[in-house]
Amino acid sequence: MHCPFCAASETEVLESRVVEDGDAIRRRRECKKCGKRFTTIEKVRGTALWVVKKGGGREPFDREKVKRGILRAIEKRPVSLELIDDIVTDIEREMLRREKEEVPSKVIGEAVLRRLRKIDKVAWLRFASVYLEFEDLGDFERAMDRK
């Protein structure tokens, strides 16, 4: 592990603990050269998960892309970043449990909507308006009636 501050390769592990429901290990490290401390997270790399887009294209599953979409929906809403990370992790696990290498983007979008509906109705509506491509006020009204 290289120090992110001075790029030295000798670091010492000060503390290790299991995080994310046992799926990762958090290590607190100290650089032997510059003395600065930093944290690393070790995760097991699972099978590659591919997202099949609406137009038929494929791209690797990107948890940061899912997180960015949720973050846009919760902007200025009382939702913690920790909860967002938990939601993204939960969605990724749900997709991996499908035991298929490819998952339609629609399935991921619906998983996000289900979770947002439970935590914040405004964030849910914001995400739905983009994901479901609302075009006018009627689309918003129909979505609200379905909730």
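R37 is partly exposed, with a relative accessible area of 47%. In this predicted model, the side chain of R37 meets that of E30 in a salt bridge, 3.3 Å from N to O. E30 is partly exposed as well, at a relative accessible area of 22%. The cut-off for buried is under 20%, so E30, at 22%, is counted as partly exposed.

**Salt bridges**

How many salt bridges does the structure hold? The count is 11. Another of them joins the side chains of E42 and R27, at 2.6 Å from N to O. E42 sits in strand β3 and R27 in strand β2, so this pair ties together parts that are 15 residues apart in sequence. E42 is partly exposed, with a relative accessible area of 35%.

Helices are bridged too. K67 forms a salt bridge with D85, and the closest N and O atoms are 2.7 Å apart. Which elements does this pair tie together? K67 lies in helix α1 and D85 in helix α2, so the link spans parts that are 18 residues apart in sequence. Are the two partners buried or exposed? K67 counts as buried, at 18% relative accessibility. D85 counts as partly exposed, at 29%. The limit for buried is under 20%, so K67 falls on the buried side at 18%.

| Salt bridge | N to O distance |
|---|---|
| E42 and R27 | 2.6 Å |
| K67 and D85 | 2.7 Å |
| E30 and R37 | 3.3 Å |

Salt bridges also join up into a network. Its members are D90, E94, R114 and R115. As a general point, side chains of opposite charge can pair when their charged atoms come close.

**The nonpolar core**

In soluble globular proteins, nonpolar side chains tend to be buried together. Here the largest nonpolar core has 27 residues. Which of them touch the most other members? They are V66, I70, I91, M95, I108 and L116. The largest share comes from α3, with six residues.

L116 lies in helix α3. L116 is buried, with a relative accessible area of 1%. From L116 to E59 the separation is 57 residues in sequence and 24 Å in space, C-alpha to C-alpha.

**A negative patch**

E135, D136, E141 and D145 form a negative surface patch. Where is E141 placed? E141 is in helix α5, which covers residues 137-146. E141 is partly exposed, with a relative accessible area of 47%. A patch takes residues with over 30% relative accessible area, so E141 passes that limit at 47%.

**Positive phi**

A7 is not a glycine, yet has a positive phi of about 70 degrees. A7 is found in the segment before β1 (11-19). A7 is exposed, at a relative accessible area of 53%.

K76 is the other case. Phi of K76 is near 65 degrees, a positive value in a residue other than glycine. Where does K76 lie? K76 is in the loop between α1 and α2. K76 is exposed, with a relative accessible area of 79%.

K36 is placed in the loop between β2 (24-31) and β3 (37-43). K36 is partly exposed, with a relative accessible area of 43%. K36 and E133 are 97 residues apart in sequence. In space, their C-alpha atoms are 48 Å apart.

P104 is in strand β6, residues 102-104. P104 counts as partly exposed, at 35% relative accessibility. P104 and I25 are separated by 79 residues in sequence and by 30 Å in space, C-alpha to C-alpha.

Note on methods: Residues are numbered from 1 along each chain as its sequence is written. This is a predicted model: local features need pLDDT of at least 70, side-chain atom pairs count only at pLDDT 80 or more; totals for chains, interfaces and linings use all residues. Side-chain values use heavy atoms; hydrogens and water are left out. Patches are made of residues with over 30% relative accessible area and no salt bridge: like charges are joined within 9 Å, nonpolar side chains (Val, Leu, Ile, Met, Phe, Trp, Tyr) within 5 Å. Accessible areas come from the Shrake-Rupley method with a 1.4 Å probe; for residues, only the protein chains shown count as cover. A salt bridge is a side-chain nitrogen of Lys or Arg within 4 Å of a carboxyl oxygen of Asp or Glu. Lys and Arg count as positive and Asp and Glu as negative; His and the chain ends are not counted. The place of a charge is taken as NZ of Lys, CZ of Arg, CG of Asp or CD of Glu. Helices (H or I, at least four residues) and strands (E, at least two) are DSSP runs, numbered from the N terminus. Buried means under 20% relative accessible area, exposed over 50%, partly exposed in between (1.4 Å probe, protein chains only). A nonpolar core is a set of buried Ala, Val, Leu, Ile, Met, Phe, Trp, Tyr and Cys residues joined through side-chain atoms within 4.5 Å.
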